[in-house]
Amino acid sequence: MVQGSNMAECHPVGFQWVMAAKARGATLIHVDPRLTRTGALADLHVPLRAGTDIALLGGLINYVLCNGLEFREYVVAYTNAATIIGEQFRDTEDLDGLFSGWQDDKAGYATDSWQYEGTSVASSAGKRERGTRARHDGQGRSHERQATGRGHEHGSHGAALSDLSNIRRDETLRHPRCVFQLLKRHYSRYTPEMVARVCGIPVDVFLQLARMVTDNSTRDRTTAWAYAVGWTQHTVGVQYIRAASVLQLLLGNIGRPGGGILALRGHASIQGSTDIPTLYDLLPGYLPMPHPDAHGSLDEYVADDSADTGYWGNMRAYTVSLLKAYWGEAATADNDYCFDYLPRITGDHSTYQTVKAQLDGSCKGYFLNGENPAVGSANAKAQRLGMANLDWLVVRDFALIESATWWRDGPEVESGELRPETVGTEVFFLPAAAHTEKDGSFTNTQRMLQWHHAAVDPPGDARSDLWFWFHLGRRIRAKLAGSTAERDRPILDLTWDYPTSGEHAEPSAEAVLREINGRAADGTCLSSYQQLTDDGATACGCWIYCGAYADGVNQAARRKPHTEQNWVAPEWGWAWPANRRLLYNRASADPEGRPWSERKAYVWWDEGKGRWTGHDVPDFQPTKRPDHRPPPGARREDALSGIDPFIMQADGKGWLYVPAGLSDGPVPTHYEPQESPVPNLLYGQQHNPARQTSRRTVDPYQPSGDEPGSGVFPYALTTYRLTEHHTAGGMSRWLPYLSELQPEMFCEVSPELAREAGLEHLGWATVVTAREAIEARVLVTDRMVPVRVHDRIVHQVGVPYHWGGNGLTTGDSANELTHLSLDPNVHIQETKALSCDVRPGRRPRGADRIALVEEYRRRAGITAETGTAPRTAASPGGTA
Amino acid sequence: MSDGLLEQPTGRQRMGFFTDTSICIGCKACEVACKEWNQVPDDGLSLLGMSYDNTGMLGADTWRHVAFIEQDRPLGRQNNSVTVMPTGPSGTASTAAVVAAGLGDKHGSMLGTQTGRVHPGPQPHATPDGHVSPGGRTELRWLMASDVCKHCTHAACLDVCPTGSLIRTEFGTVVVQEDICNGCGYCVPACPYGVIDRRERDGRVWKCTLCYDRMTDGQEPACAKACPTDSIQFGPLDELRERAARRVEQLHGVGMPEARLYGADPDDGVGGTGAFFLLLDEPEVYGFPPDPVVTTRDLPRMWRHAALAAAGVAATVLAAFVTGARR
Amino acid sequence: MTRHEVRRDGLRDETPEREALIGAKGGRRPGRGGEMVPPAEFRSYYGRSVLKPPVWSARDIAGYLFLGGVAGGAALLAAGGDLTGRGSMRRAGRLISAGATGLGLAALIHDLGRPARFAHMLRVLKPTSPMSVGTWLLGGFGPLVGAAAAAELVGAATAAGVSGALPPSAGAAVRALGRSSGLAASLVAPALTTYTGVLIANTAVPLWHDAHRELPYLFGASALAGAGGLVAASTAVDEAGPARAAGIAGVLMEQALDRRIHKRLGMVAEPLDQGYPGRLMRASRLAGRAGAVLLAGSALRRSKALDVAGGLALAASSLLARFGYFHAGNASATDPRYTVVPQRERADRAGSVGAQHPADLGGGRGVRGEGQEPA
Ligand SMILES: Nc1nc2c(c(=O)[nH]1)N[C@H]1C(S)=C(S)[C@@H](COP(=O)(O)OP(=O)(O)OC[C@H]3O[C@@H](n4cnc5c(=O)[nH]c(N)nc54)[C@H](O)[C@@H]3O)O[C@H]1N2
Ligand SMILES: Nc1nc2c(c(=O)[nH]1)N[C@H]1C(S)=C(S)[C@@H](COP(=O)(O)OP(=O)(O)OC[C@H]3O[C@@H](n4cnc5c(=O)[nH]c(N)nc54)[C@H](O)[C@@H]3O)O[C@H]1N2
Ligand code: SF4
Ligand code: SF4
Ligand code: SF4
Ligand code: SF4
Ligand code: SF4
Ligand SMILES: [Mo]
């Protein structure tokens, strides 16, 4: 099942394994508004209206629950279906689309009422609140930390839960407040007919899809779901993936071979850049960034954020080892291992927040290190105007991308909104080396590190990023040398000693990987994170990567052909954690430790040897018997029983219901996108109430649904990629071999829309939103279909987002059209579902372009308030 | 000119391509890999409106070409749901007509080889008239297929080359020796598949070499290496033909009776091709000739006619002197 | 059903990864919507040409087709004139032939993508390559006719008493050389007039290839028309009879053969009547008829003016016909219809396309499918 990704086009190399699976009998389903190169090869292609996947997935969940198709044994044993939720909880059914805890004044939820009965939970995934333990009574200042935007600490890895024995469960799943019954109620309205009315998927297609999925999800068969940014780039993005998690857990498709929810990650090593993050709120290995008030000491930090049970219980060892890697000798038990040196998170510093800070003048300098926001980020105009408000901007890239030249040739210069003479930003452009010109590792979609070796030297002044940051650090340290100022200690005490080589003193990338892997007191490379200690004896740059350099060997550089090893291919690269290829694989065996079925045997209990065994590294304590039950008061992983496969969760269970950690609800719920041509048919609550919006003139929103003026933007619009180009174009629009394959910015429309809007194949269209107007050549194609939604037919416009003003092939950027309304959990922009108008012909030039957009805004009656109301539901709900 | 006069592949095992278009994902990795490896220049930047094909056809600067065909007919048992969506008439035929009309406007330049020059102008999109399916947009499938030089058993290009620049290699492939070619251009119209072409700024002709340089190093061709789905399969021709025959049977068994091989028959007009294809529609739909014949097949007969005609010319002149003497 | 199992002892029944069955499990009834439809009359890939039309420039190559014909025809008339004592015809024939040969060769070389590499033509002699054969023909013919023409010029110079000319004793030798090379050239000449038909017929260009039976005759006849016309125009009125006769016969035969080609080729001959080539061919026919009438007039009532007018008209007719056939050939290669339709019919008759021609059951309800004829 590929949904929310165009896998064949965006992951063509990975798609070969889909084809291999098909050769072995797999069925391929693609759910996408457009018939793409993935859909062309699918057995079933399901078109839907962009932005309605939760309604579809909810429909599937409802289908499963109504027809008793859940994998009952799996669900009872391995998920929190049986867990009873506290009495205060109110569902969207009761509150017109809101959950309990809504606070109008804070435009967000107090999540206390979402908790398990009898215990209080703080999540390590997503939003975490301070002092969980201290708030056993459940009443707390749960909103106080939202401002820090500590969004996705611990990735999807777990939660703190104080005492497992207090959790109440009803394994018959009949208790009215057990998660299972709650799901049944929550999704009861997601009927096939409702799916048809919301998504535009005809009932018989939905039923075919539902049958295909459920028939293929049994003891003997598993279904995998693959998604990418077709799911994430929504104001409800996180909940899309949550919805898939609920469905897959119900079907028993997690932790089993051929199952799972596969995030097809984007840029090469984008996975790596969340593991060892370029994110503002995380330290390596999903350790949360410490808070200035709450985390005065290491103890406070660990006590607050670590879980008592599950593997997060070892957080102190991970943290101390990280501090030792950073500050080496200087980090001692006496000085809290330099915990004070760590920066503290002071607020939401996510990328779009930073743009707002630029506009406000509080962010003065900016490094663009492999990013082209003037084309690639939502509301490109806001990006450029933000940069125009900086003192300095450093761009490190291969080519003079739009983000480096907007001040002299950007769209605002054309329209007169900016004049090069008056832009105060000092722009530095530094040429960067490409991956082929430097050593390093990629961590890809499947958490696998693969090493790449420099094939050629970088041309001219181009240098690797490692070179740049290492030498920048070196120079700063040289300037500070001898300083006695306390504030310079963190920099001067850093272990900043990578060996260098060659003419340009290129630092050794392998030395960096070695540091990340970690070393024992005697300097030898560690081989497993279980060796990490909290007494300063070990140093490790990222605990989950521990083992990548085991035995002093670069395990990421292994390239043994699959024909020479078992089919799991453990000797190809190295996957975290512990070279495990399939997470939570304990779930591939039944509670007694036997494979659910012989043809799906993956990891199982070997009674003879008294340990877990199988094709992969078991994701479980290797000798913990299936019938093991922990003694009361057990800690960390020892608190988990032999039937708790989800070892990063404090309760060891897969979470159908998320008691804490999400800003916008414990159960995925369908909301319309920020801009939608139709009203929400399910609830009075139109949008995700917790979504982030701004009231800036540079980022106006359009009316939605039945609001007056919404008809001015009658069409649904989605943006996406083409195989032939790469993201904001820096790596494709300058290359003739790629540019010639897709030489012009275009939009795709159905023949029906072409007729309605008067568009001609290969002619020009102007696409307008409240932000901007862009022009594109028109491709009229049967691959685009209108959908019958609600009481009307909705036409969809497809726009690739690769183009900008520079390079060999140029064109208007799709991101001129998009806005900055964000998902509240991870602050991702909604670039997958908008509404727009389309008119034939090219757009006006210069200031006339602005006039056209203003005219649209006027016609739609757009003000700063439009589209920003958090709550539209009738009932505010109780703040239980 | 049949077997006698035409040289046969000699030496080592004959190597070739089986391109199974039914598993092509249209990623164009083959096009790009070919250009990278062989340092073929770009073919010009121009939006053609031929679905996602902006290369147009094979040429001197395009040795692999991926075709994209949107059709109002079903693909096997695939359900892509378009039949049950609220739709009007299909657009495929009319968009194709727009492209074709655009080509027609530019008689001459387009046809050739510089596909980059083709710039079909905008045309009004079809309204529900005779151009579209009467039943509305009933079905849809999107075919993709990667085309290449066929490395014909009886290669017209090679036969007609007056310099001996085109040769048959020890792998049974057909290769231009670029240091010999004088750009006479004879091979260009000789090729029954419209493959080989002259590069204007260079004067010589170019086409796929089946990566002769890689093969001599024991490497598979760049395009096949890059193909993620193995739509392009490289190997000894005999093996490929057997595999392909099995594959067709397999597809027939799963509701795709239209699957067929193209170029796999050693008895066809060119003696079978070294690069052959599995197609899901008639060859012409992909831009292939339906029944190509090596142009030199009729050459002996042509030579006889030329000799007779020459004799006729001589006789006529003779007669002219006899009759014309008086006048 | 899956043929693939993950068992405790490893992977079972691994099937080749490339054998994915696309769209096999969508669950629709096979063939639904796939009723047999009458085959679309003509389908193509977006109206693009299947073939590559020649990259040859019309001026050079169509020009050469004409010049080569003139060279051969004129050489024959020159030889006849020589043997029948028509001095002015001999002289005109040799000079025209040599001039046409020189120009033709220049055109050929000029058209090469790499003219400097012309000599590579002489690396091989390939009977499968009419261009190779033609090169050698021309290579034989050129020096001979060149020698004959040179003899003519030397003779003329001598006769005119140009200083430095050969002594009278050498004059006989020159004349003998001229005669022998002129006669030798006339042996090659007929082939020169007709091989060009093979040259272009031996391509995949539908019009040319399909007309391969007639083209050598047509080109031979056209050569006679062109050469006859030019020689008639530049020969003494009294001596021009055979040239007139050859020219008239040539043009009549040419037009008859053209009609035959039209008839036999059917739609593939359409480009001869359409557009630019159509206009060329109509002009050619008019000029041919006019030339024939004028020359016939001169045969009855000798007139230099009629000879010149008629002769040039015939030459023009031949020239226009060569350009007509050249451009019509291009057009037939350019429009996929002329490649596809005859081949489709042939394949359908033979019941095979390539190795397999399965019953085509997949047809949608589309009337025309995806390929549209160019507007
Ligand atoms: N060739 C190429 N490959 C790439 C990239 C590239 O630029 N070019 N970029 C890389 C990066 S950075 C990333 S993040 C990945 C992204 O990979 P993908 O997510 O696969 O790429 P997109 O094309 O952005 O979006 C996927 C599909 O989502 C569909 N879609 C839009 N809205 C919705 C919706 O509401 N629901 C559903 N179900 N589908 C919807 C779109 O029609 C589109 O076909 O690709 C990576 N791979
Ligand atoms: N409308 C719309 N907008 C989107 C999306 C969408 O689907 N629709 N997708 C979003 C997604 S998922 C993504 S990932 C972003 C991508 O957006 P960006 O990251 O802004 O775009 P890229 O073009 O990938 O920019 C990467 C730059 O890094 C440079 N580069 C490559 N390698 C190196 C290197 O080793 N060092 C340095 N210094 N530079 C290097 C490249 O030349 C390129 O210019 O776009 C987002 N924006
Ligand atoms: S570009 Fe790289 S990451 Fe993307 S599919 Fe190709 S090989 Fe994989
Ligand atoms: S396809 Fe054309 S170019 Fe290729 S070998 Fe055959 S005749 Fe030559
Ligand atoms: S163009 Fe080159 S390869 Fe082609 S026939 Fe002439 S000499 Fe041979
Ligand atoms: S075999 Fe080599 S030359 Fe031929 S198309 Fe493939 S990559 Fe290009
Ligand atoms: S043949 Fe292979 S490489 Fe080429 S487009 Fe198809 S799948 Fe991609
Ligand atoms: Mo991405």
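At 70% relative accessibility, A:D457 counts as exposed (buried means under 20% relative accessible area, exposed over 50%, and partly exposed in between, with a 1.4 Å probe and protein chains only). The model is predicted, so local features need pLDDT of at least 70 and side-chain atom pairs count only at pLDDT 80 or more, while totals for chains, interfaces and linings use all residues. Residues are numbered from 1 along each chain as its sequence is written, chains are lettered from A and ligands numbered from 1 in the order in which they are written, and side-chain values use heavy atoms, with hydrogens and water left out.

A:D457 is placed in the loop between β16 (448–452) and α18 (465–480) of chain A; helices (H or I, at least four residues) and strands (E, at least two) are DSSP runs, numbered from the N terminus. Its C-alpha atom is separated by 8.5 Å from that of A:T436, a residue 21 residues apart from A:D457 along the chain. The loop between β15 (440–443) and β16 of chain A holds A:R447. This residue is not a glycine, yet has a positive phi of about 60°. With a relative accessible area of 12%, A:R447 is buried.

A nonpolar surface patch of about 420 Å² is made by A:F367, A:W392, A:F428, A:L430 and A:W469. Patches are made of residues with over 30% relative accessible area and no salt bridge, like charges being joined within 9 Å and nonpolar side chains (Val, Leu, Ile, Met, Phe, Trp, Tyr) within 5 Å. Accessible areas come from the Shrake-Rupley method with a 1.4 Å probe, and for residues only the protein chains shown count as cover.

Helix α23 (residues 847–860) of chain A has 14 residues, which at 1.5 Å a residue should span 20 Å; the end C-alpha atoms are 20 Å apart, in agreement. The expected span is 1.5 Å times one less than the number of residues in the helix. Buried in α23(A) are A:R849, A:I850, A:L852, A:V853, A:Y856 and A:A860. Seen down the axis, these buried residues fall within an arc of 160°, so they line one face of α23(A); the arc is that of the directions from the helix axis to the C-beta atoms. An α-helix has 3.6 residues a turn, so residues three or four places apart point the same way. The exposed residues A:D848 and A:R858 are carried on the face of α23(A) turned away from its buried side. The buried residues pack against α15 (380–387), α17 (411–415), β24 (764–768), β25 (773–780) and β29 (834–840) of chain A, where contact means heavy atoms within 4.5 Å. After α23(A) comes A:G861, with a positive phi near 65°.

In helix α11 (residues 298–305) of chain A, the buried residues are A:L298, A:Y301, A:V302, A:D304 and A:D305. They fall within an arc of 165° seen down the axis of α11(A), so they line one face of the helix. Their packing partners are β10 (282–283), β11 (287–288) and α12 (315–327) of chain A.

Over all chains, a search of the whole structure finds 79 salt bridges, each defined as a side-chain nitrogen of Lys or Arg within 4 Å of a carboxyl oxygen of Asp or Glu. One of them joins the side chains of A:K22 and A:D43 (2.6 Å, N to O). This pair links distant parts of the chain, 21 residues apart: A:K22 is in helix α2 (residues 12–23) of chain A, and A:D43 in the loop between β2 (29–31) and β3 (44–46) of chain A. Both A:K22 and A:D43 are buried. A salt bridge also forms between the side chains of A:E73 and A:R219 (2.3 Å, N to O). Since A:E73 lies in helix α4 (residues 72–78) of chain A and A:R219 in the loop between α7 (203–215) and β8 (225–227) of chain A, the pair ties together parts that are 146 residues apart in sequence. A:E73 is partly exposed, with a relative accessible area of 36%, and A:R219 is partly exposed, at 33%.

In chain B, the secondary structure comes to eight helices and 10 strands. Of its 327 residues, 73% count as buried.
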